[in-house]
Amino acid sequence: MNAADTAFILVCAALVMFMTPGLALFYGGLVRSKNVLSTIMHSFMLLGVATLVWVFAGYSLSFGTDHGGLIGGLDYLFLNGVGVEPGPAATIPHALFMIFQCMFAVITPALISGAFAERIKFSAMAVFSVLWVLVVYAPMCHWVWGGGWMAQMGALDFAGGAVVHMSSAAAALAAATVLGRRRGYGKMAFVPHNLPMTVLGAGILWFGWFGFNAGSALAANGSAVMAFVTTHIAAASAAVSWVVVEWFHSGKPTTLGAASGAVAGLVAITPAAGFVSPMAACVIGLIGGIVCFGGILLKNVFKYDDALDVVGIHGIGGSWGALATGIWASEQYGGVNGLLHGAPGQLWIQFLSVAATWLFCYLVSLFLFKAIDLVMGLRVDADAEQAGLDVSEHNETAYTG
Amino acid sequence: MKKLEIIIRPFKLDEVKMALTDLDIKGMTVTEVKGFGRQRGHKEVYRGAEYQVDFMPKVKIEVVVDDALVKQVLDAVTKAARTGKVGDGKVFILPVEDVYRIRTGEMGPDAI
């Protein structure tokens, strides 16, 4: 046990918790004013729902005794035996490790909500989130961080490129596939109703991400410091590259572009944070901003309505970051070498983990959405969608008077 | 009596209000409105997707004045609100049958 590590991870857990309301604002500003509360609710309510799922069973399935590299056991059900003695992390209390991980299990399903915004039933979204944390998030988390097969294979994911970003993006793609497009898509303008809110949300995300990435070192050590440094550099780089690219592409530098670019950079560096040098982080961020800008244009080509670009930013950014980890990882930082440091095999391992994550998370999420659609219906009816989800699903209006 | 519906650029509201109060006009009603005329709208781009925004924000001022004052009002509005570019706005002039002041019960021009 180490007091400095404990103090540091306590603060990091709080920082990661703050990302979810930050995400609520980031997404909330991007929808039309009649859907802002429902969109905020999709994130905020998961602080409640996903936390309960996590402490009842999710944590145990993720970090319980390994069964065949596939899933954790039931030893920690209802936090049985999770106390102040060290657990998976040697120098901090088990309960602290559990609650730090809990914040990840909250924000990951919240990320998906960008894809089904403005048209899903709240009840369906809640049921989906409960099931998804149990059958998609917990296995992914176990495979990568709980000693499962991806960890055994040697796949590197410092803070959740696969567990958090690719998994939520694959689910987002499934959501867009099953739900279909919003009414009027392609005919009406879907214009963000409050970009200052979105930029504030992006700022909170950037702030919280220091806890997310640096805290993933699970100790107050050099690895945490380097992760903090690479995180900030990558976010800065991607904000710049996104704005420059859109300036050429669409004629003007936009605030939404700066905010989106920063988030894209944060996503891209997440799997790599503790494994690469600061200058590698700069390159990962610069390219991350560009490929994610390309990513958001994909939906216009393929005509799926991923309303708030979860696939474009978290899917493309997360995949790029995972591959980039295999390219730039350096023994000097995280103890493992990648392609540029003489270990091309690491890139292949990274590629396998990317492909497996997309395939598994997309297929299971697709099945969940279809099953829920069959049992209770996923989508609000036309009148409710027209009126907006705030009033139809929650009996509230965001802006009155 | 005439009612003037004066539609102007939003940032010209203060200047037009001052010009009208200088003519001793004692009241007006102001509404934020949207619409388009020859100016049409403008283009907005969000994450690479372009949208044509047709309705431009404008301000509508409604005042009721004696017939004799109409010309002066139009001159004052022109002086205050004109930029010379498309989109300066319009004034609609309508006849008013009568006016009633709720507090005193006065009717006609006295009630303006």
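## Basis

In this predicted model, local features need pLDDT of at least 70 and side-chain atom pairs count only at pLDDT 80 or more, while totals for chains, interfaces and linings use all residues. Residues are numbered from 1 along each chain as its sequence is written, and side-chain values use heavy atoms, with hydrogens and water left out.

## Nonpolar cores

A nonpolar core is a set of buried Ala, Val, Leu, Ile, Met, Phe, Trp, Tyr and Cys residues joined through side-chain atoms within 4.5 Å; buried means under 20% relative accessible area with a 1.4 Å probe, protein chains only. The largest such core has 123 residues, and Trp54(A), Phe212(A) and Ile284(A) have the most contacts inside it. Helix H3 (residues 94–116) of chain A gives the most to this core, with 15 residues. Helices are DSSP runs (H or I, at least four residues), and strands are runs of E of at least two, both numbered from the N terminus.

Beyond its neighbours within four places in sequence, Phe212(A) is in contact (heavy atoms within 4.5 Å) with residues including Phe100(A), Phe104(A) and Ile107(A). A second, separate core of 17 residues includes Leu4(B), Val59(B), Val63(B) and Ala81(B).

## Helix H6 of chain A

Of the 19 residues of H6(A), 17 are buried, so the helix is largely enclosed by the rest of the structure. H6(A) is followed by Gly180(A), whose phi is positive, near 80°.

## Chain B

Chain B has 2 helices and 6 strands, in the order β-α-β-β-β-β-α-β from the N terminus. Its C-alpha trace spans about 60 × 30 × 20 Å along the principal axes. Buried residues make up 33% of the 112 residues in chain B.

Terms used. Chains are lettered from A and ligands numbered from 1 in the order in which they are written. Buried means under 20% relative accessible area, exposed over 50%, partly exposed in between (1.4 Å probe, protein chains only).
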